[in-house]
Amino acid sequence: MPESPLDLSPYEVLGVAASASQEDLRRAFRRALRETHPDTGGDPHRFTAVQLAWQRVGTSEARAAYDAGRRADPTATFGARTSSPRTDSRPKARSYGHPGGWRRERYLEQIREWAGRGVTLDDPYDARLVRDAPQPIRRALADALAEEQTARTLSSLGIGYTIWHDVATGTPGGKVDHVVLGPTGLWAMMSEDFGGPVRVRRGELIGESLAGERPVHELAVGAKALSRAWKVRFNGLVIVAPDSAIEEPSIQLGSIRGARVVVTRQSTLSMLLRTGIPGTTPIGGNELFDVRTRIAAGVRYI
């Protein structure tokens, strides 16, 4: 399966059509290098992407191999993954709700509307179809895949953890992707594929791919609504990002209404939840049981 619906092809990175001549491709590469070079004020992430794109299509041989690979796998799809056989007998975390389900529904509505009435889509998740779709449609699917990946990570935490997915916050379309309760506290989480690198400024994530989005604010608003409805207190607010989106394994952004805010890579999420955030108070015993009971009585799914 391709990595992400938001991944750009080498041609898109270089700003040319896939049918461009080799000479046009070379000119585009040189122009992109000048525009993105860090020594002249360019973005180092884009500079690296330009170099990688050139490695994939910069010579006739490499380009032919890349183009053949694009056509060679007609079965490539972004459909939901089938469960792999378990290799251990340890109990998994208790999990409720349908991770990524709401965003997959939005994606299916949008991709069918974009394709047009009367058009039959044999596989709406076909990678070639997804690549041609507008960015907002691809983003909906990318976020669904991110939520599903986080759900797989969370399920491995063990029986001491309880997870609720796609939790409705009470406003139209408002949700918290994952609520996690365990020995290290109560966590509200958002799983995102931003389609590019992000960084922190004044307690919020920024980046070219965000286009004005405020993920930290959005998560904080959702967590506040749930906290009031359930009469519980969140210990942490976590935004889970692709490993390539942030430069450090995790970044602490301070606190919002007593909850510590963290942006973490997908690969370090499990460790964060097992060890907790330094300075936060673990919960257990009667308190853990009481919080679980309150959530179970009030949770609603979007």
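Two strands are taken to pair if DSSP finds at least two bridges between them. In the predicted model, strand β7 (residues 236–241) meets this criterion with β9, to which six bridges join it. The two strands run parallel. Within this pairing, isoleucine 239 has valine 263 of β9 as its bridge partner.

Strand β9 (residues 259–265) also pairs with strand β8 (residues 250–256), here in the antiparallel sense and over five bridges. Strands β8 and β9 form a hairpin with two residues between them. In the turn of this hairpin, arginine 257 adopts a positive phi of about 50 degrees. Most of β9 is covered, with six of its seven residues buried.

The loop between β7 and β8 contains proline 249. Proline 249 is classed as partly exposed because its relative accessibility of 44% falls between the limits of 20% for buried and 50% for exposed residues. When residues up to four places away in sequence are not counted, proline 249 touches Val263, Thr264, Arg265 and Thr268. Among these contacts, Val263 is also the bridge partner of isoleucine 239. Serine 267 lies 18 residues from proline 249 in sequence, and the C-alpha atoms of the two residues are 8.0 Å apart in space.

Definitions and conventions: Residues are numbered from 1 along each chain as its sequence is written. This is a predicted model: local features need pLDDT of at least 70, side-chain atom pairs count only at pLDDT 80 or more; totals for chains, interfaces and linings use all residues. Side-chain values use heavy atoms; hydrogens and water are left out. Buried means under 20% relative accessible area, exposed over 50%, partly exposed in between (1.4 Å probe, protein chains only). Helices (H or I, at least four residues) and strands (E, at least two) are DSSP runs, numbered from the N terminus. Contact means heavy atoms within 4.5 Å.
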